[in-house]
Structures are given as C-alpha cells and as structure tokens.
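Please read this briefing with the sequence and structure open. The notes are grouped by topic.

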Amino acid sequence: MMEFFDALRDPHAQFLRNALWIGLIGALPFGLIGTYVVVRRISYIAAAIAHSILGGVGFAAFAQSQWGWQAFDPTYGALLAAILSALVIGWVNLRFAEREDTVIGIIWVSGMAIGLIFLAKSPGYFDPMAFLFGDILLVGQGDLWRVGLLAGIVSLICIALSPQITAIALDPAFARIRGLRTQRLHYLMLILTALTIVLLVQLMGIILVVALLTLPPAIAAMRSRTLAGMVAIAVVLNALFIFGGLWLSYSLDWPSGPVIILLATSVFLLSLFRR
Amino acid sequence: MNEQANCSCPSPAVCFQSVSFAYERETIIDEADFDIAAGESICVIGPNGGGKTTLLKLLLGLLQPNTGSIRIFDKALAQGTTEVGYVPQSLDLDRRFPITAIDIVGMGLLHKNKLWGMRRSEREQAWQALDNLGLAAVGKKPFAHLSGGQKQGVLLARALVGNPRLLVLDEPTTHIDAAAQERLESELKRLRGSLTLITVSHDLHFVARGIGRVICVNRSVRIHPVEALDLELTQRLFGQPVALVKHGEAQATRHAHAHPDAVDREAER
C-alpha cells in the first residue's frame, strides 16, 4: 500500500494521479446517472449507446483521413453517434416499447460494425481494442477539466430535477397525470447518459464505463432505503473501486481496467450473498 | 333507465362529449357522451376488455381521444389534471427500488415546475396525509416491503395529499384483503360528498355501497342508476347474470369476469 502512495507522490507518475482524479471526479456522474440506469432497468440501453459510439468514432476518423475534415474530431463523432442512438432508443421506447429490445440490439451491433469498417479504411489511425478496453492511465490534464465540467452539469441537473426524475423512474403514468413533461425528461436523461458515456468511454473504455455505471448502483440498491442514499453510496463505491483497483493493479502489475471491474464484481457478489 | 345527458349539469366535474377512441382500427370507446356532477360518487363497471381501462386513461389524460372532447371542472383536460387524485390498481415496484412510503406520498405534490427535493412544509403535508389514513407508522419503511393494504393506503394518501377535487380509483379491491377493504370503504365514505369520486371496479359488491349511478362500459358507455343493475342488465353487460347485494346484506355477490365477446352490445338495444 505504501508503495502505491509513494508512487502517487512521485513527480514522474502524473499519469497515476490523473487516473485517480478522473476516477474520483467521474464517480459523481457515474453515481447519479448509474442510479437512474439501474432503477429504470435500462443498463442494456447504456451498453448499446456505449457500443454505438464506435460508429461515430470510425466515421470521424475516416472523414479526417480520407476527406480532410480535420475539424471533425473523433470526439465529435462519438458525441453525434451517442446522442443519435439515445434519441432513437428513447423514441422507440415511447412509441414501440414492444420492439425496443430488437432496436437496441440493432443499434448496438450496427454501430460497432460501421465503426470497424470505417476504421479499417482509415489505416494506422485507431486501435479498436483501445476503444473497447481503454486505458485509464493515459488520461491527460485536459480530460480532467472536461470530466469536471460534465460532473458539474450532470450533478446540477440531476439534483435540481430529482423529484421529477424519481417520478418518471417510479411511476411514469402518475408523473404524466401530475402534468410533468415526462417525454422531455426521458430524452434529457438519455442524453445525459450518452454524454457521460461519451466522455468517459474515451478515457476508460466501453467495458469499464458499463461496469462503473451499473455495478456500484446495483450494490447501493441493496443497502439503501432512499434514492438519495443510493446515489451517495454509488458515488462513494465508484471512488473506492477506482482507488482500490488502481492500487491492486499497481501492486500486482495487472492491467488497471479489468482489475477495477473484477473488484467491483467481487463486492457485488459478496453483497448479494450477505443480503 | 336514466340515459346520459349531454353534459347537462351546470358545472360538471367531468364532461365527455362524443368521445371515441380506437386502437389499430379497433374501436374501444364509441361516442361516449356523459357528465358527472361535482361531488357525485360514481362507479365504472364492465367486462374485462370492454374499455374500462381505456375510459380511465382518457379521463386521466394518458390517452387522447380520436374525436370528441373531455373537460374536467370546465377546463380542457391538460389543464385540469392536477385537480385529479389517482389511485392505481397497484404499483409494481422492483424491490430494489429504494423509496420510502413518505417519499411516495410526496409525489402527490409534484408539478411540472417542481425543482429540488421536498420542502419542509411539503414533507409535513405528506406526513399529515399518511396520518389521516392511520399509516404514519409505515412512513419511513421501504414501500416495496409493505403489505397490499398498506401499499394501497399509501397510494391513497399520495392521491389525497394535493387536495384534489376529483379522486379516481382503479380496481381498489383487487390486491387487498377483507379488513383492508373495510378500511378503504370507511375512508371513501368519509370522502363522499367532499370530492367527486370515480371508482373503476369489477367488484359489484364494492360498487353497490354508497353509489348513486354506475357507468357501464362495453365499447359503448351508458350511465344507469345503481338500482337498475338487475340480472337482465348484468347479463347483457357481463354475459352472465350477477346478483347485486346492497351494503349490509350477505356478501353473496359473485365477481363478474366475462369475456368481451360474450357480452351484449348496448348499441343493439
């Protein structure tokens, strides 16, 4: 443990401090959005959005390398794909709920297929594996500010709208009867989910993002009586998993992302058996 | 038979004018034309699949009619909905959804511009609404862990906390035992007259208590005085004769469950 703290103080180990900071700051949007995702039981929607991003990234990479659209950064491509996927899924959820799972599956696989084809035609530009698994140790200073801004926006919106978000998650029909703009709220939450995923997928990879979005709130739901309590526990667990995962990864010299995921999974299983 | 008037009362709580609703070309509600006076207690009955739920959703603004108009307290439905308290048949909550009974009741004070959490005054109002129903003791318990009767009491408190002028109950006796049914009945008795009460129910025993008129829904919508609910009418409506037992008599009433195909078509009368 002491070696890990020494490393954190090492002036040459900025990457480790950045990874820790990104985990701690990201814990806030992960805890808030993750709680919504878990209580609404839409984890598969979050996973589909996360995977569809590859389509946008691939298209932007192709546009940059083949058409010279230098301003079209892959981040914008990812953002475009995520928001588009969120809106399509949201629309299908409202209009054709019975076909939702099919549409989610299509968006999931076609987004990845499109991305892989575009990336294949943009040689030497991008490694899809890095996108799938990411590397939290490559986080830069600019990323910290971006995630900080996201954490601020998501927290402000979620806390301000908490009664309305709770109502649409709990009893959408009653929320409509009370005059709440349930469709707008539904789309807003999906867009916030997409934003959270886009910003953090590029730093942590799809797998770690889906894990941190679902596992901490799922554990928190077993231990809390209120939604506010669930969010608080999920935020703390997120931070602990990042910290503990990085420490274990550093000590064992194992890749950090999978260690964080396995740590979270182990705690989830323990909570399940100790209910 | 007292056929419905065309919104004849001067200030009706509910006014349906030529309301029709079809789903995928199948007519569910056909030219419903009726009104309910402010302060009236009325029941909606009909066979499963006959359109009760659709009528309820139209009344609550959850569905839009294909033709016709619905007014609540003389206002178009969209503006009138916050004056309506609604008790659903049940709230099938995932046991992992962490919410306490008092937070559920607080939802009854929501409105479209509501921001931040419950204020202290709103929380006190919610506690008062629970206390009025003798349920203060369960306020801090997780909603998912309550009994059927307690859950329904909490949902009733949620509907009443905003002081609605119209209370709508959907199949209130479905998930509760006899004791909880008695408590519900005495609460509704207390509320009768102070607000307009619409109860959707397949339970004709429950319907018979303290109700003046019934709305019979089987694609067409007809209003009858409760005394007219004789064997002949229930035979036409449910496809089998159902004897109505008035309050205080032996509970020999059979619950009516009939396939919609087996029931009469009021329009053929």
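**Confidence and overall build of chain B**

Chain B has a mean pLDDT of 77, with 77% of its residues at 70 or more. The model is predicted, and where pLDDT is low, the coordinates should not be read in detail.

*Confidence along the chain*

- Within chain B, helix H3 (residues 101-106) has the highest confidence, at a mean of 93, and helix H2 (residues 77-80) the lowest, at 60.
- Residues 1-5 of chain B have pLDDT below 50; the model gives this stretch 19 contacts beyond near neighbours in sequence.
- Residues 246-269 of chain B also stay under 50 in pLDDT. For these residues the model has 51 contacts beyond four places in sequence.

*Fold and surface*

- Eight helices and 10 strands are assigned in chain B.
- Of the 269 residues in chain B, 56% are buried.
- Among contacts in chain B with a separation of 6 or more, 68% link residues 24 or more positions apart.

*Nonpolar cores*

- The largest nonpolar core has 157 residues, and the members touching the most others are A:Met204, B:Phe16, B:Leu167 and B:Ile215.
- This core lies between domain 1 (12-73 + 165-268) and domain 2 (98-163) of chain B, because both domains give residues to it.
- In soluble globular proteins, nonpolar side chains tend to be buried together.

*Contact between chain A and chain B*

- Chain A contributes 29 residues to the contact and chain B contributes 31 residues.
- Together the two chains bury about 2,900 Å², and 63% of this is on carbon and sulfur atoms.
- On the chain A side, A:Leu170, A:Ile177 and A:Arg178 supply 27% of the area buried against chain B, more than any other three residues.

- B:Leu166 belongs to strand E7 (residues 166-170) of chain B.
- B:Leu166 counts as buried because its relative accessibility is 0%, against a cut-off of under 20%.
- Beyond four places in sequence, the contacts of B:Leu166 include B:Val14, B:Ile72, B:Phe73, B:Glu83, B:Val84 and B:Gly85. B:Thr196 and B:Ile198 are also in contact with B:Leu166.
- From B:Phe73, B:Leu166 is 93 residues away in sequence, while their C-alpha atoms are 9.0 Å apart in space.

Key:
Residues numbered from 1 in each chain as written. Chains lettered and ligands numbered in written order. Predicted model: local features only at pLDDT ≥ 70, side-chain atom pairs only at ≥ 80, totals over all residues. Heavy atoms only, no water. pLDDT = per-residue confidence, 0-100. Helix = DSSP H or I, 4+ residues; strand = E, 2+ residues; numbered from the N terminus. Contact = heavy atoms within 4.5 Å. Buried < 20%, exposed > 50% of the residue type's maximum accessible area, 1.4 Å probe, protein only. Core = buried A, V, L, I, M, F, W, Y, C linked by side-chain atoms within 4.5 Å. Domains from an automatic or database assignment. Buried area = accessible area lost by both parts, 1.4 Å probe.
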